[in-house]
Amino acid sequence: MCGILGVFAKTPVNQLLYDGLMVLQHRGQDAAGIATAEGNNFHLHKGPGLVRDVFRTRNMRALPGNMGVAHVRYPTAGSAYNFAEAQPFYVNSPFGIMLAHNGNLTNSEELKQQMFLSDKRHINTNSDSEVLLNVLAHELSKLTQNQDSCDNADLVNLIFQAVCGVHKRCQGAYAVVAMIAGIGLLAFRDPHGIRPLIFGKNADNEYLIASESVALDTLGFNVIRDVAPGEAIFIDMQNILHTKQCCDAAKNLSPCIFEYVYLARPDSVIDGVSVYEARLNMGELLAEKVKQIVPLNEIDVVIPIPDSSRPSAMQLAATLNIPFREGFVKNRYVGRTFIMPGQTVRKKSVRQKLNTCGQEFKNKKVLLVDDSIVRGTTSREIVEMARESGAVKVYFASAAPPVRFPNVYGIDMPTRSELIATGKNDEQIAKEIGADALIYQDIEAMKAAITKVNPQITNFESSCFDGCYITGNIDAEYLDNVEASRKS
């Protein structure tokens, strides 16, 4: 779930890209990078860590130009500690292309073989993003190699044809921004629209493309719309916007449902759905499930696990007419535990990130509400903290259903052995995390919470909950191979 940005402006874009990455920092804490274009020359700086740590004044001064792309990295494929895989990536032919990618290709190994054997291209890292860049470059090279010259309209059409070639060859989830030296700014989204991508324009007729609408809001851009599944948009050097549907077979929009549950900021709007409103709806529907499992006189107080579960917890408490309290104080200088690279680091960081307000737990029967339960490490630590603070009983509610299957489209939960819900029922999971009872949201209720906001969305990428992989190329052998590679 990386964060990406693309900007085409009339003035230097380095500060704009930096500010945008700060807004999207929640989407990746592993590495950050900014690339700008000054005429036909690219300038690039990237490195490990948070945005504020990667860029210094001297780095920003070395990034001139009025067009640029930027990236915050959240590792899923490749090595979490190989910072050669920080983005954007660069290839020098054709024209020179700089690319940033959010998502995960599920046929990257097959594509690597094609690159080596038939396309005669070298892939230098384990990153599927570098593979995607080379597929795009190869498709564009095929189309332009015999073109001595062509006008702007012809060139834009060839770029869109190259994106069509990418869609035919690449499987999985991808939202992409790319600069083509001296030509313009390109962005496109996979045929299912799994990963989010949105674009807008400001009063100066400058364009911004981003993973989430919150980046447009904070940087003073008005939203035009989301990029459609399979669509490509291109801004040429005359600042003219071109768009084209580049997927031969029309697909239904199927956004990743985990964006609404956890990944996105609550003040973002993704594919016409307010993330905040969707989470409120999840809390309201979860309240109905709570009533079926726990007598309401058994709950003295509802307490959220900050921050992403707060809207659901508030609405749940209001629906059940039970007091809502803030029982945990969050240290905002510790990263999101869900995207910590290792289990040991993740467990240690829970206590560093959260501390209890003891009076909210002492001698009370509490209902803790979280957005989801993935590995169970955080949930187990939190239940233990509640009991240490004096809670008489601890019930635990999840605004999302049990995560029982690996996600292969860009979220770091790829192995079944890491998922606490794999092979266990609710009672067994409750026992493992130490709760007196566990209440999970139903899958259909979770989907209904989102479609209530935008009824036009009828499909979701929800494979981590239901095991249905919409790209159709995922089987048991694929999942076994992913798990084996993670353990090696």
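## Helices H5 and H6

Helix H5 (residues 128-144) packs against helix H6 (residues 152-169) at an angle of about 135°, and their axes lie 8 Å apart. Axes are lines fitted to C-alpha atoms, for helices over the stretch in contact, and angles run from 0 to 180 degrees between N-to-C directions. H5 is therefore oblique to H6 (under 35 degrees counts as roughly parallel, over 145 as roughly antiparallel, 65 to 115 as roughly perpendicular, and the rest as oblique). Helices (H or I, at least four residues) and strands (E, at least two) are DSSP runs, numbered from the N terminus. The model is a predicted one, in which local features need pLDDT of at least 70 and side-chain atom pairs count only at pLDDT 80 or more, while totals for chains, interfaces and linings use all residues. Residues are numbered from 1 along each chain as its sequence is written, and side-chain values use heavy atoms, with hydrogens and water left out.

The crossing of H5 and H6 is right-handed. The residues of the contact of H5 with H6 comprise 10 nonpolar, 4 polar and 2 charged.

## Helices H9 and H10

Helix H9 (residues 275-293) and helix H10 (residues 310-320) pack at an angle of about 45°, with 7 Å between their axes. These two helices are therefore oblique to each other, and the crossing of H9 and H10 is right-handed.

In H9, the residues that meet H10 include Tyr276, Leu280 and Met282; in H10, their partners include Pro311, Met314 and Leu316. The contact of H9 with H10 divides into 10 nonpolar, 4 polar and 4 charged residues.

## Isoleucine 322

Isoleucine 322 is found in the loop between H10 and strand S17 (328-330). With a relative accessibility of 9%, isoleucine 322 counts as buried (under 20% relative accessible area; exposed is over 50% and partly exposed in between, with a 1.4 Å probe and protein chains only).

Leaving aside neighbours within four places in sequence, isoleucine 322 is in contact with Leu296, Ile299, Asp300, Val301, Val302 and Ala317.

## Cysteines

A search of the whole structure finds 0 disulfides (pairs of cysteine sulfur atoms within 2.5 Å). The closest cysteine sulfur to that of cysteine 247 belongs to cysteine 164 and is 8.2 Å away, too far for a bond. Cysteine 247 counts as buried, at 15% relative accessibility.

For cysteine 256, the closest cysteine sulfur is in cysteine 464, at 6.6 Å, which is also too far for a bond. Cysteine 256 has 2% relative accessibility and so counts as buried.

Technical notes: Left-handed = near helix turned anticlockwise from the far one by under 90°. Contact = heavy atoms within 4.5 Å. Nonpolar A, V, L, I, M, F, W, Y, C, P; charged D, E, K, R; others polar.
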